[in-house]
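Here are some notes for reading the model. Please go through the points in order with the structure open.

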Number of protein chains: 2
Amino acid sequence: MLACAPELIHAYSLVHDDLPCMDDDDMRRGHPTVHKVYGARTAILAGVAMIPLSARVVRDSGRAMQLADQATAKVLDALLEASGAGGMIGGQLRDLAGEGLLLSLDEREAIHLAKTGAIIAACVQMGAVAAGCDAAGVAALERYGRSVGLAFQIMDDVLDVTSTTKALGKTTGRDAVLGKSTYPALLGVDGARRRAETLIEDGLQSLAHHKLLTQELSQVANFMVTRTS
Amino acid sequence: MLACAPELIHAYSLVHDDLPCMDDDDMRRGHPTVHKVYGARTAILAGVAMIPLSARVVRDSGRAMQLADQATAKVLDALLEASGAGGMIGGQLRDLAGEGLLLSLDEREAIHLAKTGAIIAACVQMGAVAAGCDAAGVAALERYGRSVGLAFQIMDDVLDVTSTTKALGKTTGRDAVLGKSTYPALLGVDGARRRAETLIEDGLQSLAHHKLLTQELSQVANFMVTRTS
């Protein structure tokens, strides 16, 4: 149930990303986007309503898991910090500001880390805190989350070039239209893939070093570089 | 410092309310609106960034006031519940859906209570919980907050008709343009004023009954029906 909280933040970010004044996208997960069906007003409001709702899910999950109030507060902090100006929103703002500009790899990486890495790292961090993991373990899992998040976003750039709208469930080729300095644009498709694979290896090594590597965490990480949609 | 948390929620709601796809307003507090200066994208992102920021303010305030984690969690709950689909956002959605329709007084009141009453009630509730008030006291203060919030919104409708853009710091006459069933439209300007005054009396009596009436709370309430901007 706790996993629904970041999923709500993720869902709201997609609804807002697709807005006419953002990426102006008509398709998402093979369906018309929220604003195409219900209009931009409702899409904006549905998006913002999911933020307090995700906080309520954290609170209710904390109760259901009988977490101490302090642990629940930490879990909520991790999610809200990653969703705010220092995380997802800051990344989105810089992403939009960078459209049509030639960004360096470092700038693109910083944007991806803020926009996607922070939320995925928060997901892992939330689970680690809820499970009572120690500080070193939480840090290793957070590093894994950032690597996996960045690799996800790199492969998102790659799939935007190599996949089809039908296979991906959202319009492909949007990055080129929007003039984004993507990883494939900066490193080529193969170079971008290699960068994603290196990140996954780094994340998994960080876990192995702390004896936290499980089959599930390995599968999630490898899925990032093998997914086709 | 805790008071900054609902103020952030209020500020974000104003930035979003003024958006071209919402009330499409050019002026706020005597200045051009955020989207007029920075564009709709930045206005949307600045708005959503204030939600996690307000939660961080609650957390930091709780620490500064040395509140128990449980009390801080309650304070945050009150704010987030009032900001979500059951409060402000639900009210805003119904307000927009009601444009151009003839709403009954009950429907308008329900919208005002959700849109504004919930947040103002949450402000009072947050202070009450942080101050260690008992359940009956919190309930009386919440009732006061709802009355004051509703009276504020009624007077907002009244000032939209009776004030000028210069005096009010935002464009007047917008409700008529948007076809909203406002209190003055439903009860006349005098009837709307009387309804606001009755609500303030009711709120103050509820506090007096619990021996919670202070000069400040009385002044805040009376300001709602005497303000000119």
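1. Some terms come first. Angles between axes under 35 degrees count as roughly parallel, over 145 as roughly antiparallel, 65 to 115 as roughly perpendicular and the rest as oblique. Axes are lines fitted to C-alpha atoms, for helices over the stretch in contact, and angles run from 0 to 180 degrees between N-to-C directions. Helices are DSSP runs (H or I, at least four residues), numbered from the N terminus.

2. This is a predicted model, in which local features need pLDDT of at least 70 and side-chain atom pairs count only at pLDDT 80 or more, while totals for chains, interfaces and linings use all residues. Residues are numbered from 1 along each chain as its sequence is written, chains are lettered from A and ligands numbered from 1 in the order in which they are written, and side-chain values use heavy atoms, with hydrogens and water left out.

3. In chain A, the axes of helix 1 (residues 4–17) and helix 3 (residues 40–64) come within 8 Å and cross at roughly 170 degrees. Helix 1 and helix 3 of chain A are therefore roughly antiparallel to each other. Contact (heavy atoms within 4.5 Å) involves residues including A:L8 and A:Y12 of helix 1 and A:G47 and A:I51 of helix 3. The residues of this contact divide into 15 nonpolar, 3 polar and no charged. Here Ala, Val, Leu, Ile, Met, Phe, Trp, Tyr, Cys and Pro count as nonpolar, Asp, Glu, Lys and Arg as charged, and the others, Gly among them, as polar.

4. Is B:S54 buried or exposed? B:S54, in helix 3 of chain B, counts as buried because its relative accessibility is 0%. Buried means under 20% relative accessible area, exposed over 50%, partly exposed in between (1.4 Å probe, protein chains only). Leaving aside neighbours within four places in sequence, B:S54 touches B:A5, B:L8, B:I9 and B:L79.

5. A:F152 lies in helix 7 (residues 135–162) of chain A and is partly exposed, at 23%. Beyond residues up to four places away in sequence, A:F152 touches A:T116, A:I120, A:M224 and A:R227.

6. Between the chains, 32 residues of chain B are in contact with 32 residues of chain A. There are 8 salt bridges between chain B and chain A, each a side-chain nitrogen of Lys or Arg within 4 Å of a carboxyl oxygen of Asp or Glu. A:E81 forms a salt bridge with B:R56, with the closest N and O atoms 2.9 Å apart.

Methods: Helices (H or I, at least four residues) and strands (E, at least two) are DSSP runs, numbered from the N terminus.
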